[in-house]
Amino acid sequence: MNNKFFNIGSKVKNLGALIVLFVMLMVLSIVSPVFLTVSNIRNVIVQVAVIAVIAEGTTFVCLTGGIDLSVGAVLGVAGVLAAGVMRNTGNTTLAVLTCLGVAVLFGICSGVLIAYGNVAPFVSTLGLMSIARGIAFIYTHGKPISNFPDSFRFMGAGDIGGVPVMIYIVIVSYAIMYIVQQKTPFGRITYAIGSNEEATRLTGIDTKKYKVIIYTVAGFLTGIASLMYVGRINSGHPNSGTGYELDAIAAVVIGGTSLSGGKGSVLGTIVGALIMGVIKNGLNLLNVDTYYQNVVIGTVIILAVLFDRNSKNTNK
Amino acid sequence: MQKQNAMSEQLLKRKAVSDSVIKKARPVLEMRNISKTFPGVKALTKVSLTVLPGEIHSIVGENGAGKSTLMKILAGVYSKDSGEIVLNGKTVTIDSPQTAIDLGIGTVYQNLDLIPSLSVAENIYMNQFPRKSLLIDRNILHKNAEEILKLLDCRISPAATVDSLSVADQQMVAIARVLSRNISILILDEPTSSLSPVETQKLFENVRRLRTLGVATLFISHHMDEIFDIAEHVTVLCDGKLVGDWPVSELNKNSLVKAMVGHEVREMFPKIESKIGGEVFRVEHISVGKYVHDISFNLRKGEIVGLGGLVGAGRSWLVKSLFGAVPGRSGDIFIEGKKVTISHPRNAKKLGIGFVPEDRHNEGLISGMSIEENIGMCNLKSIVSHGIIVSKRENELAEKVVNEMDVKASSAKQLVENLSGGNQQKIVLGKWFENHPRIMIFDEPTKGIDVGAKSEILRKIGNLAASGIGVLLISSELPELMGVSDRIIVISLGYKTGEFKRTDFDAAKIMLAATSKE
Amino acid sequence: MKKIVMVSMILTLISGLVFAKGWGNKSSKTKKNSSSLVFGYAVQDLGNQYWVKAADGVKAQCKAKGITCMVMNANTDPATELSNVENMIEKKVNAILLSPWDSDSGATAVKAANKAGIPVFVLDIGVTSGDYVSLIISDNKKGGEMAGEYMASLLPSGAEVAHITCQLGYVQPALRGTGFTEAATAAGLKIVAKQPADSQRAMGMDVMQNLLQAHPDIAGVFCENDEMALGAVEAVAAAGKEGKISIIGFDGNDDAAKAVQNGRLAADVAQQPYQMGVMGVDAACDYLQGKPVEKTTFVPVKLIKK
């Protein structure tokens with residue numbers, strides 16, 4: 001029935017993105033013989049895993065019509081502080097908690113500034129991005145902190161049954177976030193706030209509180225991503241994560257979530273992240289220069305947004 | 001450049017045309033067999049409309065009847081699926097709003113579409129500024145603007161900024177803007193909903209003046225009295241089909257309403273019998289900034305208290321502050337005798353208060369979501385189990401509300417933005433009823449809704465009161481207020497200026513209190 | 001209808017690029033008659049002129065030897081660096097050349113290559129662990145010695161000189177310092193101060209100012225990199241002692257070369273990144289042909305004077 005289609009279409013708008021991903025996979029497998037191997041596909045997922053997890057949080061934030069530019073810097077500062085704790089105390093649990101705690105703290109700050117301070121999301125998170133990056137450099141004096149025991153590296157470099165832990169994390173976290181978004185009151189409220197915050201507030205929902213929670217969840221996911229990152233390269237770098245916030249937003253946009261809020265889902269985001277990963281990986285395998293990759297990804301983002309706006313207008 | 005200036009000059013140069021000439025003329029507009037379908041809804045089925053030059057022609061019908069759609073097709077906003085439009089004997093294609101205005105069809109919408117920060121003259125001549133080489137010639141701009149405003153007997157200064165004007169004056173500017181384009185057809189969409197009686201009369205004077213200049217006016221309205229006051233001819237639509245068209249002289253109120261709804265609406269403003277109990281709600285010395293000053297009143301179980309007054313008197317601020325939706329309230333609130341704290345709608349909801357806001361689109365409904373999602377948002381507690389929203393429960397709840405409120409929708413999964421205004425309002429009401437509130441606040445619940453749906457909604461509100469709920473009702477339509485309320489409290493400029501029991505209802509006295517400046 | 005148009009546009013764009021490159025690769029493959037070797041060069045940052053020259057050297061030498069060369073830019077991100085190396089492993093390259101962002105994260109990439117059994121040649125920087133065949137790096141110690149000898153030739157015996165170092169703990173620049181200290185002391189110069197300026201131009205300027213205060217009779221300064229040297233130049237000029245103090249830098253970047261030309265720097269020890277790239281490819285070829293390769297292959301440095 002016409003209406004059912006539009007309803008599905010409005011929440012899970014990744015139909016076009018999925019087609020793009022599919023065809024890309026097929027074309028690349030023809031042109032590059034090493035592309036469609038188990039180990040390469042595994043590489044692709046591992047390579048996008050960090051961005052994919054960050055992008056989950058960014059999806060939530062974008063669904064409310066907000067944006068979070070601080071995630072890359074938070075990944076960095078949470079990572080180096082955790083690395084420092086690891087080096088100084090040798091206590092893995094403490095280090096992991098530090099990483100998550102720092103990331104969550106930045107998330108809370110974003111949320112409070114945006115919801116209660118009424119500072120626009122772009123501005124709040126831009127400011128926090130600078131602060132986070134600055135703290136990372138101050139703490140490390142610009143030098144990386146490296147070499148960790150396997151227990152700390154588990155989330156980034158470990159594997160269970162031959163499959164990298166990062167892949168499990170991506171699958172499990174996406175499954176959880178999908179259910180949260182579609183089936184829980186919290187998820188429903190996220191969509192509602194993005195669609196019409198005032199009307200939602202007038203049904204008796206504390207929208208400010210929920211906005212803080214949303215940014216905090218995004219912070220938590222960034223903390224997880226940070227642990228994955230530090231584990232993978234075995235080094236806490238003050239520079240890490242530079243530019244990751246834009247990659248996350250790109251994944252979200254390509255996946256079909258609207259930046260004005262209310263429409264989209266994490267399913268689209270993982271497809272968007274995979275598309276970016278496949279482009280980078282495929283062009284790498286074909287020995288195409290990095291800068292061409294950037295041009296392609298930028299173009300895909302623009303086309304994805306145009307497509308999104310177009311399908312909104314087809315209602316008339 | 002010269003051509004632009006000439007256009008408005010042409011209009012001003014038109015000489016008055018006598019009635020007899022108008023009546024014998026060929027129709028200026030014919031819409032023949034227009035059909036239009038939107039996803040899930042057949043908005044218009046072979047509708048035809050004939051308008052004579054200069055005629056004052058009213059389009060009426062229930063919400064969802066298709067009047068707005070028909071006018072928007074004429075205005076170039078929508079495209080018709082089939083049928084033809086004939087302007088002055090020539091078939092035309094109107095594919096964009098620009099085309100419409102170039103063909104001489106000007107539209108003034110309810111939301112006016114003016115730019116508040118710019119001046120009156122700039123708004124009137126937007127898109128066709130008189131130029132002196134590359135720059136705007138402000139002298140000619142102001143002079144031309146003055147002339148057009150004079151035509152409308154309007155004394156606003158062309159240099160005034162639009163946001164400093166009253167709604168009625170802004171509407172004049174909007175009309176002036178379309179007049180500057182040398183139109184032969186003026187479309188007015190619900191022009192009087194925000195106007196006082198005096199302002200409405202002024203508008204009608206202008207419409208009559210335009211008539212003598214040969215400009216036909218098409219207006220969409222729900223107000224029976226106004227139609228009989230101003231219109232010469234009426235076209236009635238029902239459910240997207242043409243019921244018929246008649247000269248107004250051949251109709252009376254009852255026959256018109258019957259044509260609109262297809263049946264007789266016995267009572268426009270039904271009063272449902274209700275037993276009034278003890279006090280359920282009391283407010284003392286409520287003040288909100290500069291909008292509300294020291295208002296106290298109470299509300300009893302089963303009672304409907306109407307809040308009367310002029311538009312802008314502060315009633316919305318009052319009720320919103322009682323619901324916790326706006327900050328800065330001082331004073332005390334008591335529910336069933338106990339003092340309560342309400343600082344956020346969340347508190348109000350928990351205490352059993354429900355609120356139907358005036359602005360349906362921006363405050364009443366979440367437009368991107370479906371019927372069942374909107375109802376679900378207000379009733380999360382009852383559809384959630386173990387932290388998950390149970391789709392079945394959500395759907396069942398929505399079906400229940402849709403049935404109880406008689407909502408015309410294809411399914412509970414339909415997006416609310418695709419429903420007609422009346423049906424949308426029923427959802428806004430219905431979603432609160434499931435909360436079993438003790439107190440319900442309604443802010444202009446029947447605004448912008450057709451007669452048939454109006455009485456349905458008022459009936460539902462009456463039933464609500466009869467079940468023991470205390471109702472606060474804001475309405476700017478005095479007959480409506482007097483028809484359903486048990487008591488009327490009058491607010492003027494933020495002060496309480498009168499309180500009337502049902503047995504003492506007197507339209508003149510209430511009006512006096514509403515306009516009192518004490 | 002419009003949906004289809006959009007999707008097709010995206011697909012056309014991507015397919016176009018992929019096919020263009022893909023067919024390009026295929027045709028070049030059929031041209032080769034000899035055993036087609038493939039080398040991968042994972043470089044830390046092609047936004048830096050130094051690395052661009054290194055990459056040019058790698059590409060040129062590969063072309064000369066008929067080897068296919070894949071250059072992948074990490075864009076200063078260690079994670080991208082690791083991904084690049086993984087992709088090279090996937091392509092089963094014959095050798096991996098690596099210029100890591102830092103020696104710790106580089107170790108992770110090296111270990112990944114070790115696991116796949118692909119030989120690794122590290123170009124500059126160095127790694128703190130992991131098995132590599134050879135580290136191709138400027139002969140930093142020799143360069144330091146050259147600087148010390150040249151400075152001694154400019155100054156009278158017993159003259160006071162200062163030594164500005166990079167961050168404490170950086171191994172390669174420290175070798176430059178060691179070389180300088182040995183040669184200068186042996187030639188009779190007195191090193192009166194040794195301070196770090198963390199490779200930064202601004203900090204170099206600050207440190208130099210402080211040194212001038214503490215030791216007003218300084219006749220020469222050796223800086224372990226060009227940025228600090230250029231900072232020292234400004235400090236000297238600001239103190240009005242231009243032309244009276246001989247400053248020598250290390251790296252060979254363009255700004256420093258210009259400074260030597262107009263006399264603001266007495267000399268500059270230039271690294272030769274292009275040469276490093278060439279030598280990296282040579283070392284890899286030698287290894288694959290079974291010839292012996294040194295654990296550390298030194299790239300000669302040049303002393304640039306006016």
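This note sets out numbered points on the structure shown above.

1. The structure is a predicted model, in which local features need pLDDT of at least 70, side-chain atom pairs count only at pLDDT 80 or more, and totals for chains, interfaces and linings use all residues. Residues are numbered from 1 along each chain as its sequence is written, while chains are lettered from A and ligands numbered from 1 in the order in which they are written.

2. The first topic is how the chains meet. Two residues are taken to be in contact if their C-beta atoms, placed from the backbone, lie within 7 Å. Two pairs of chains touch, and the pair with the most contacts is A and C. Chains B and C share no contact, and their closest C-alpha atoms are 16 Å apart.

3. Between chains B and A, 33 residues of chain B are in contact with 25 residues of chain A. On the chain B side, at least two residues each come from helix H12 (345-350), helix H13 (360-364), helix H14 (371-378) and strand S20 (388-389). H12(B) gives the most, with four residues. Helices (H or I, at least four residues) and strands (E, at least two) are DSSP runs, numbered from the N terminus.

4. The side of chain B that touches chain A can also be described by residue class: 17 residues are nonpolar, 12 are polar and four are charged. Here Ala, Val, Leu, Ile, Met, Phe, Trp, Tyr, Cys and Pro count as nonpolar, Asp, Glu, Lys and Arg as charged, and the others, Gly among them, as polar.

5. Chain B as a whole contains 20 helices and 24 strands. Its radius of gyration is 25 Å, close to the 24 Å that the globule rule gives for 518 residues, so chain B is as compact as a globular protein of that length. The radius is taken over C-alpha atoms, and the rule is 2.2 Å times the number of residues to the power 0.38. Along the principal axes, the C-alpha atoms of chain B fill a box of roughly 70 × 50 × 45 Å.

6. Of the 518 residues in chain B, 47% are buried. A residue is buried if 20 or more other C-beta atoms, placed from the backbone, lie within 10 Å of its own, exposed if 12 or fewer, and partly exposed in between. Gly452(B) is buried, with 21 other C-beta atoms within 10 Å. Gly452(B) belongs to helix H18 (residues 451-466) of chain B.

7. Strand S10 (residues 216-220) of chain B has four of its five residues buried, so it is largely enclosed by the rest of the structure. S10(B) pairs in the parallel sense with strand S3 (residues 56-61) of chain B over four bridges; two strands pair if DSSP finds at least two bridges between them. In this pairing, Ile56(B) has Thr217(B) as its bridge partner.

8. Strand S9 (residues 185-189) of chain B also runs parallel to S10(B), joined to it by five bridges. Leu188(B) stands opposite Phe219(B). With helix H8 (residues 197-212) of chain B, S9(B) and S10(B) make a right-handed β-α-β unit: with the strands pointing away from the viewer, the path from the first strand over the helix to the second runs clockwise.

9. Chain C has 10 helices and 12 strands, and 51% of its 306 residues count as buried. An automatic or database domain assignment supplies the domain bounds, dividing chain C into domain 1 (36-132 + 274-298) and domain 2 (140-270). The centres of these domains, taken over C-alpha atoms, are separated by 32 Å.
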